[in-house]
Amino acid sequence: MVTLIKALGRVGERNVAEIDRVVTDYFQARDALEPVSRDDLVARLRADLVTLLDVRPEDEFELGHLPGALNIPFAELERRLSELPKGREVIAYCRGPYCVLSFEAVAALRAHGYRVRRLEDGYPEWKAAGLPVESVA
């Protein structure tokens, strides 16, 4: 029984190490610029310094989003680039800190010459923090 428990512990340790590596390789390597914190985003929005981009699907956006956000689902981003101002910083967000959509949007927009960063988390964390939200009702 002790041997089995030790073996299970080693498997768990290897899996945790593998998950850490995947997170580092994918998420951190794809976002060379530090993400924007909620507090920093609130200040930037108050000063009207950024364009806020929600890259979630339209149905999710309609249920709730950050105030003033422009919804361009990631699948539509390439064909709707003209809706984003080129000379203004864009802050992209989606479902949370590990949502691939915001990472992919940042990479795509940077490839097109946009100044873009991502929100450190997403809509659920924003709402849970008690910050204002909007919905399409």
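A charge sits over a ring if NZ of Lys or CZ of Arg is within 6 Å of the ring centre and within 35 degrees of the ring normal. In this predicted model, the charged end of K86 sits over the ring of Y114, 4.7 Å from its centre.

The model is predicted, and local features need pLDDT of at least 70, side-chain atom pairs count only at pLDDT 80 or more, and totals for chains, interfaces and linings use all residues. Residues are numbered from 1 along each chain as its sequence is written, and side-chain values use heavy atoms, with hydrogens and water left out.

The protein has five helices and four strands, in the order α-α-β-α-β-β-α-β-α from the N terminus. Helices (H or I, at least four residues) and strands (E, at least two) are DSSP runs, numbered from the N terminus. Of the 137 residues, 35% count as buried; buried means under 20% relative accessible area, exposed over 50%, and partly exposed in between (1.4 Å probe, protein chains only).

Helix 2 spans residues 38-46, and L41, V42 and R44 are buried in this helix. They lie on the same side of helix 2 because they cover an arc of only 165° around the axis, taken from the directions from the helix axis to the C-beta atoms. The face turned away from the buried side carries exposed D39 and R46.

| Element | Residues |
|---|---|
| Strand 1 | 50-54 |
| Strand 3 | 89-93 |
| Strand 4 | 116-118 |
| Helix 5 | 123-128 |

After helix 2 comes D48, with a positive phi near 55°.

How values were computed:
Contact means heavy atoms within 4.5 Å.
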